[in-house]
Amino acid sequence: MIPISYYLILSTIIFTLSIAGIFINRKNILVLLMSLELMFLSVNFNLITLGNYLGDLTGQVFVFFVLTVVAAESAIGLALLIVLFRNKKSIDVDDLSELKG
Amino acid sequence: MFDLFYIPEIILSIGILLVIVIDLYIEKQKYFSYLLIQFLIILASFYALTEVPTHAYSSYEFSKFTSLIKFLLLVGALIIFHYTYRHLNYLNNLKIEYFTISVLGLIGTMIMISAYSLLMLYLGIELLSLALYALIGFNKASKLSSEAAIKYYILGAMSSGILLFGISLIYGFTGSIDYFEIAEQISSVNNNSVQFLGIIFGMIFITASLCFKFGAAPFHIWVPDIYQGSLVSTTILLSTLPKVAVFVVFLKLYFIPFITLAFIWSDILIFIGIASIVIGSIFALTQENMKRLLAYSAISNIGFIILAMGLVTDDGLNASLYYTIVYSFTALASFGIITHITSNSHGIEDISDLAGLSKTHPYFAILILITMLSSAGIPPLIGFHAKLMVIQALINNSYIILSVLVVLMTVISAYYYLRIIKTIYFENRENLISTYTRNNILLSINVILLLGLGVFPFIMFDITSYLASILVDISI
């Protein structure tokens with residue numbers, strides 16, 4: 001059987017990659033949204049692994065809540081992206097620079 | 001008899017769905033739908049005050065403390081909607097959805113306050129954040145508004161992810177998401193084990209995420225941008241309701257499950273508090289935009305709250321409660337005034353827009369004068385007592401150097417509050433300011449209370465020490 005630490009290390013690596021994706025990416029907002037999804041998936045992976053390890057259903061129930069909330073969240077995010085594109089004709093990260101002071 | 005505990009939440013959630021449907025049929029009469037929403041909030045606040053809750057520990061908690069805080073939030077929302085309705089109407093941007101989404105966010109704050117398990121906490125925070133994303137991007141034609149919305153969305157979703165990662169670690173290493181069981185588990189853990197390390201990591205992740213939601217340094221980058229980009233009516237909402245709710249979440253998280261880790265989080269909170277005060281005070285000096293300036297002022301005020309909480313003593317707790325209530329009251333007044341005046345038929349943007357206000361609109365000039373003096377901490381206004389209590393708590397716990405630093409930063413921050421007053425009273429320039437009303441009774445009462453409660457501070461002392469005493473009942 002694979003020890004639990006392997007699962008935790010894998011989910012931490014995915015989590016770190018998604019954070020790096022948000023901060024390093026300087027091109028496109030869509031890629032940022034993908035990184036966000038990846039982050040939530042790594043958290044779900046973590047919750048399921050730990051719930052299974054503890055023999056407790058709470059972690060798996062938690063995952064269902066997270067999935068629904070994240071679906072709603074990404075719907076709002078895409079809607080905001082469309083509004084942004086209508087106003088600016090671009091979804092580049094570099095163009096998000098009008099608010100400064 | 002079937003106990004109905006959730007009455008305020010039930011009234012709001014069912015009522016708001018009805019309002020959405022009713023509004024479809026009477027699209028022309030927006031004022032009627034608005035009155036309906038106000039009526040719902042009054043009804044909910046009435047029940048929040050009259051129901052006598054017994055302590056109930058499940059994933060949702062009822063106590064005198066949560067009921068009182070909910071009552072304060074509902075009254076705050078009532079006042080905010082009163083300020084914003086005519087403002088939006090004047091800007092030709094009035095849609096009843098604005099208020100329905102705000103009420104959904106309000107329900108989110110109520111869930112956060114009552115949450116007694118990490119799952120409920122997460123759901124409440126998300127309900128609030130989803131509403132705020134939509135509200136910030138509400139001004140669809142504006143580039144600034146949509147840019148602010150997408151920035152807040154990306155950073156907000158990231159902080160939710162960090163919160164969830166922290167929750168998953170806490171769940172994995174304590175085996176529960178219930179506050180009380182987590183507290184029991186943590187108190188029995190050996191300080192040198194791997195389990196302890198995992199719990200500490202989880203706590204730090206949760207702290208970072210909550211500090212982001214609070215707008216405290218070093219997670220404050222979003223605050224000025226979002227305050228500037230959104231409508232003033234959204235800014236007033238952002239700077240009051242979520243702050244109170246997140247403050248209560250801080251209190252409950254740190255004083256119930258994480259109380260045995262106080263030796264670790266106390267230092268973290270003191271560092272965050274000092275950093276917020278310094279950054280908020282210094283960066284505000286060069287701001288020309290009114291909303292950005294008030295955003296930095298909000299950051300430094302949040303710093304005071306977190307600093308007082310980080311002392312982990314009774315007087316620190318009292319001071320932070322006092323400061324939170326005073327801060328939200330002052331923010332309500334200062335943003336409320338800005339919703340009432342417009343320059344060149346836009347909202348007020350630059351400080352220089354206000355030049356010569358004392359000649360053309362003396363009523364609003366005097367209101368801004370009182371509010372700014374209160375924020376600067378000039379006695380006998382209420383802001384002075386709030387700052388005094390925090391500094392007193394610092395000295396009582398022998399943090400002398402920190403208290404000197406805090407006083408210095410207060411002096412620096414007085415400069416930019418006084419600069420606004422100078423622009424209003426001593427710069428004679430043509431301005432394009434117009435208002436839709438000569439005066440507003442509720443706004444006047446709000447500002448006069450800043451003065452009145454400052455002259456008779458013991459009223460507020462009594463209220464906060466009562467709140468603190470019933471809070472102590474809850475925790476363990």
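## Exercises on chain B of a predicted model

Ser266(B) is buried, with a relative accessible area of 10%. The model is predicted, so local features need pLDDT of at least 70 and side-chain atom pairs pLDDT 80 or more, whereas totals for chains, interfaces and linings use all residues. Residues are numbered from 1 along each chain as its sequence is written, chains are lettered from A and ligands numbered from 1 in the order in which they are written, and side-chain values use heavy atoms, without hydrogens and water.

**Exercise 1.** Classify Ser266(B), Val312(B) and Ser398(B) by accessibility.

*Solution.* 
- Step 1. Buried means under 20% relative accessible area, exposed over 50%, and partly exposed in between (1.4 Å probe, protein chains only).
- Step 2. Ser266(B), at 10%, is therefore buried. This residue is found in helix H12 (residues 262-283) of chain B; helices are DSSP runs (H or I, at least four residues), as strands are (E, at least two), numbered from the N terminus.
- Step 3. Val312(B) has a relative accessible area of 28%, so this residue is partly exposed.
- Step 4. Ser398(B) has 59% relative accessibility and therefore counts as exposed.

**Exercise 2.** Determine how H1(B) and H2(B) are oriented towards each other, and sort the residues of their contact.

*Solution.* 
- Step 1. Axes are lines fitted to C-alpha atoms, for helices over the stretch in contact, and angles run from 0 to 180 degrees between N-to-C directions. Helix H1 (residues 7-25) and helix H2 (residues 30-50) of chain B pack at about 170 degrees, and their axes are 9 Å apart.
- Step 2. Angles under 35 degrees count as roughly parallel, over 145 as roughly antiparallel, 65 to 115 as roughly perpendicular and the rest as oblique. H1(B) is therefore roughly antiparallel to H2(B).
- Step 3. The contact includes Leu12(B) and Asp23(B) of H1(B), and Leu36(B) and Tyr47(B) of H2(B).
- Step 4. Ala, Val, Leu, Ile, Met, Phe, Trp, Tyr, Cys and Pro count as nonpolar, Asp, Glu, Lys and Arg as charged, and the others, Gly among them, as polar. The residues of this contact divide into 15 nonpolar, two polar and one charged.

**Exercise 3.** Describe the position of Ser117(B) and identify its contacts.

*Solution.* 
- Step 1. Ser117(B) is placed in the loop between helix H4 (96-114) and helix H5 (118-136) of chain B.
- Step 2. Its relative accessibility is 6%, so Ser117(B) counts as buried.
- Step 3. Residues up to four places away in sequence not being counted, Ser117(B) touches Ser59(B), Ile177(B), Asp178(B) and Tyr179(B).

Terms used
Contact means heavy atoms within 4.5 Å.
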